[in-house]
Amino acid sequence: MMGFHGKILEVNLSNSTVSEIEVTEEMIKKFVGGAGLGAAMLYSRLTADLDPLSPEAPLAFLTGMFTGQTPFSGRHVIVGKSPLTRLWGESTSGGFFAVTMKKAGIDGIILTGRAEKPTYLFVSDGKVEFRDAGEIWGKSTGETIEFVQNETDKKARVACIGPAGENLVKYACIINDSHRAAGRTGMGAVMGSKNLKAIAVVGEVGLPDVADEAKLKEHYSALLENVAANPGKELWHTYGTLMYTTQGYELGDTPAKYFTEGVFPAFRISGEAMLENYEVKPEGCANCPVICGHRVRGVKMEYESVASLGSLCGIYDLDGVLDATQYCNEAGLDVISAGVSVAFAMYLTEKGLLKDGVRFGDAEGLLEMLKKIVGREGLGELLAEGTKVAAKKLGVSEEEAAQVKGLEVPMHDPRAFSGMALTYATSSRGACHLHSEYFTVDIGAAPVPELGVIPTNRFDESEEKVRMHVIHQSAKEMWNSYILCMLGLIGVSDAANFHSAITGESVTPSDVAKIGERTYMLKRMINLKLGMKKEDEKLPEIVRRPLKKGGTGGYSPNVKRMLEMYYRLRGLDDNGHPTKEKLEDLGLTEFS
């Protein structure tokens, strides 16, 4: 089984037992690894009546075929049933945890049950120890990582939750390597419900075998040369994702004041402003030739955190944004859902619909509200459930809640790109800006010409645009199965070359898209089984109302029209279910 040890552990926290799950070569061939393999393994376990915070709910930490073998492969994925959306939950994180897990001789861990008392796992060379976490329950993620490394091994890589996960905040995240976050869909709450504080991994087993090591090294060297020659490398290295703040503003893609304003001082929270006012330390993930991460005052800063806790809340004070980001990372809170939830409260306060709320531009108020969310105190108890639930309990129209399928809208305004509007409506995890990140095609940053996906007018809603979106979405599904960094300077042809060298099979870019299509459809089938309906695939009015000023040009996406074309081109019926012919074509009839 090339690229895999063939060893996935199932850890039952209720009785402290460990067993091995068989992964067949046929499953690897069909789903490759990571999120795709996770969907196949968990399909029968995820049901509509399963409480995602119950002991029976599975939570899987998985690596992929590429982990540690290629550039941009220092990522792992965590999957299960989301407590926020009650649909498919999926989140990835960078750093060094994934490669260390692979070198420890395992491909992944599936967690079930609930420990009687706070517990953490120490995994060394594939062997699992159950350890008492009582001393660190309630501690921050930074304190937890330090404690666990001191008690186990200084070289151990640790993934853990903070107080947000312990208190079952529905969008709690899982932090590894200090401020690297598996942020979305609330996997930290699932971990907290199991009384599991952390997982530490270390080992010297090494990476699994590949079919053609010489060819793998050849492709590795060639990609490094291409990356070195790419002008985008220096931009990524210098500014990281923060380089997009001002570009996004010009396009109307960076949102402000809860998606209601298109003109604001974006330069004050830009990458340029960060470099001018602070000492910035670069930081990369395992196997990354770009090193795009940046720490300011020890805080890992990204575009999504600066926009969600900055402009979305009407805050343009970088110190205030840094304080809020640091708190989210240490508490284990998804910055996107947290920022949107607080901005929702600010919006309702401004409209007079919420008394004693928090106001736009109040950095201290933002931080205090984040603390109330983590502690589930006062209004924070309500906001900890997410904007969809909060709107319902406050008697506010769901159209005012910036979410899709229960997941808060990220920091790419769907009025800036028709492709992103369609992505939010159809993504398997709700409002997700990465499956697919189609805006990168239309700004000319990452087209996929080998699959016929090329830049067009960003507001275009033609059938040809929808066709290209379907292909792009399918191909990019593979990034969380291989697993690769979505922002890495690596294309689908590179992925096909690496896939071929690792497995010994001849894989083309079209094959990559086909496997991705299979993976997307399986996740869709899981969501349909969990209760998703056609009516859920829409954008709320708060992110559809045309903005009179700013870079969106007054555009409002017609998602309903695009969705009709999307269903037909995807091989779905009028209700969004895959047709019998499509399931047969993708080899998914066993899951129907």
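This is a predicted model: local features need pLDDT of at least 70, side-chain atom pairs count only at pLDDT 80 or more; totals for chains, interfaces and linings use all residues.
The six-stranded sheet is considered first. It is open, its strands follow the order S8-S7-S12-S9-S10-S11, and the pairing within it is mixed. The edge positions are taken by S8 and by strand S11 (180-182), each of which has a single partner strand, so that one side of each is left without a neighbour in the sheet. From one strand to the next, the twist averages 20°. At the S8 end of this order, strand S7 (residues 119-124) and strand S8 (residues 127-132) are paired in the antiparallel sense through six bridges, and within this pairing Phe122 stands opposite Glu129 of S8. The two strands make up a hairpin in which two residues lie between them, and Asp125, located in the turn, has a positive phi of about 50°. Elsewhere in the sheet, strand S9 (residues 157-160) and strand S10 (residues 174-176) run antiparallel and are joined by two bridges, with Cys160 placed opposite Ile175 of S10. Helix H4 (residues 141-151) lies across S7, S8, S9, S10 and strand S12 (196-202), and its direction makes an angle of about 140° with S9.

A second open sheet consists of three strands in the order S13-S14-S15, with antiparallel pairing. Strand S13 (280-283) and strand S15 (299-300) are its edge strands, each pairing on one side only. Between S13 and strand S14 (residues 293-296) the antiparallel pairing extends over four bridges, and Pro282 has His294 in S14 as its bridge partner.

Strand S1 (residues 8-12) runs parallel to S6 and is joined to it by five bridges, Ile8 having Gly108 as its bridge partner in S6. Strand S3 (residues 59-62), by contrast, pairs with S6 in the antiparallel sense over four bridges, and here the bridge partner of Phe61 is Ile109. Five of the five residues of S6 are buried, so the strand is largely enclosed by the rest of the structure. In a regular strand, side chains alternate between the two faces of the sheet. Both faces of S6 are covered, with Gly108, Ile110 and Thr112 buried on one side and Ile109 and Leu111 buried on the other. Burial also extends over helix H2 (residues 34-42), which is mostly covered, with nine of its nine residues buried; among them are Leu37, Met41 and Leu42, together with Gly34, Gly36 and Gly38.

The crossing in which H19 passes H23 is right-handed. On the H19 side the contact involves Glu463, Val466, Arg467, His469, Val470, Gln473 and Ser474, which meet Met562, Met565, Tyr566, Arg568, Leu569 and Arg570 of H23. Classified by residue type, this contact between H19 and H23 comprises six nonpolar, three polar and four charged residues.

In the other pair, the axes of helix H7 (residues 213-229) and helix H21 (residues 492-503) come within 8 Å and cross at roughly 160°; H7 and H21 are therefore roughly antiparallel to each other. Their crossing is left-handed. Lys215, Leu216, His219, Tyr220 and Leu223 of H7 meet Asp494, Asn497, Phe498, Ala501 and Ile502 of H21, and by class this contact contains six nonpolar, two polar and two charged residues.

When neighbours within four places in sequence are left aside, Val512 is in contact with Ala475, Met478, Tyr482, Val492, Ala496 and Val507. The C-alpha atom of Val512 is separated by 9.2 Å from that of Glu477, a residue 35 residues apart from Val512 along the chain.

Key:
Residues are numbered from 1 along each chain as its sequence is written. Side-chain values use heavy atoms; hydrogens and water are left out. Two strands pair if DSSP finds at least two bridges between them. A crossing is left-handed if the near helix is turned anticlockwise from the far one by less than a right angle, and right-handed if clockwise. Contact means heavy atoms within 4.5 Å. Ala, Val, Leu, Ile, Met, Phe, Trp, Tyr, Cys and Pro count as nonpolar, Asp, Glu, Lys and Arg as charged, and the others, Gly among them, as polar. Buried means under 20% relative accessible area, exposed over 50%, partly exposed in between (1.4 Å probe, protein chains only). Axes are lines fitted to C-alpha atoms, for helices over the stretch in contact, and angles run from 0 to 180 degrees between N-to-C directions. Angles under 35 degrees count as roughly parallel, over 145 as roughly antiparallel, 65 to 115 as roughly perpendicular and the rest as oblique.
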